[in-house]
Amino acid sequence: MSDQNPSLPDLATMVAAYNQMNHYGRTNGMELTVNTPGQIEYRMRIRDEHLSSPNTCHGGVLAGLMDAALGAAALSLAFTKMELVSTVEFKMNYLHSVHLHDELVARGTVDHGGNSLVVSSCVVYRVKAGHDDVAVARGLGTFNRYPASKRDFAQLLMGKDG
């Protein structure tokens, strides 16, 4: 059970349920790790289907990873109160191109966790063993908090029939 609310499942259980439902992340080979509520990492490797031109990743793939990482940071905090989040807006800056087979890690952090809005930031890095990480994109997002009872997620977590 959660330290913050003994009636809630622990964070690992909530993240596992989220990963089970997250078809977008699975389809794109994204792997989520929650370090603490409000601090996450998403990893993915660039595959052929992510390319927009020979050997170059489409910017929309990075935007999808950015939105997922910003949202997962906000969601991991909202989970502690049995809440979900939805994207209100996000912006990003593309800093370097990304290529086929690049390994990316998006590190998202909650900067402000209000009662109705959560603001998070993220840097997406290209990582390669033996080399310094290279920041390829930076972003900032705003998310709306709402009760998980508004979605099937609450029933999945609490083991209730819909």
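Trainee: By class, how many nonpolar, polar and charged residues are in the lining of the largest cavity?
Mentor: Keep in mind that this model is predicted. The lining includes Val15, Leu32 and Phe79. Ser76 is also part of the lining. By class, the count is seven nonpolar, one polar and no charged residues.

Trainee: What volume does the largest cavity have?
Mentor: The search covers the whole structure and finds one cavity of 30 Å³ or more. The volume of the largest cavity is about 40 Å³.

Trainee: Which element gives the most to the lining of the largest cavity?
Mentor: The lining residues are Val15, Tyr18, Leu32, Val34, Ala72, Leu75, Ser76 and Phe79. Helix H1 (11-21), strand S1 (31-36) and helix H3 (59-78) each give two or more of them. With three residues, the most comes from H3.

Trainee: How many residues of H3 are buried?
Mentor: Start with the helix itself. H3 reaches 28 Å from its first C-alpha to its last, close to the 28 Å expected at 1.5 Å a residue. H3 is mostly covered, and the buried count is 16 of its 20 residues.

Trainee: Which residue takes a positive phi in the hairpin of S1 and S2?
Mentor: S1 pairs with strand S2 (residues 39-45) in the antiparallel sense, over five bridges. Threonine 36 stands opposite glutamine 39 in S2. The hairpin has two residues between the strands. The phi near 95 degrees belongs to glycine 38.

Trainee: How many bridges join S2 to strand S6?
Mentor: S6 covers residues 103-113, and S2 and S6 run antiparallel. Arginine 43 stands opposite valine 105 in S6. The number of bridges joining S2 to S6 is seven.

Trainee: Which residues does glutamate 103 touch, leaving out those up to four places away in sequence?
Mentor: Glutamate 103 lies in strand S6. Residues up to four places away in sequence are not counted. The contacts are Arg43, Met44, Arg45, Tyr125, Arg126 and Val127.

Trainee: Why is glutamate 103 classed as buried?
Mentor: Look at the cut-off first. Buried means under 20% relative accessible area. Glutamate 103 is therefore classed as buried, because its relative accessible area is 18%.

How values were computed
Residues numbered from 1 in each chain as written. Predicted model: local features only at pLDDT ≥ 70, side-chain atom pairs only at ≥ 80, totals over all residues. Heavy atoms only, no water. 1 Å grid on protein atoms, 1.4 Å probe; cavity = no way out; pocket = protein on both sides within 12 Å on 5 of 7 lines; lining within 4 Å. Points joined across faces, edges and corners; volume = space filled by probe spheres on them. Helix = DSSP H or I, 4+ residues; strand = E, 2+ residues; numbered from the N terminus. Nonpolar A, V, L, I, M, F, W, Y, C, P; charged D, E, K, R; others polar. Pairing = 2+ DSSP bridges. Expected span 1.5 Å × (residues − 1). Buried < 20%, exposed > 50% of the residue type's maximum accessible area, 1.4 Å probe, protein only. Contact = heavy atoms within 4.5 Å.
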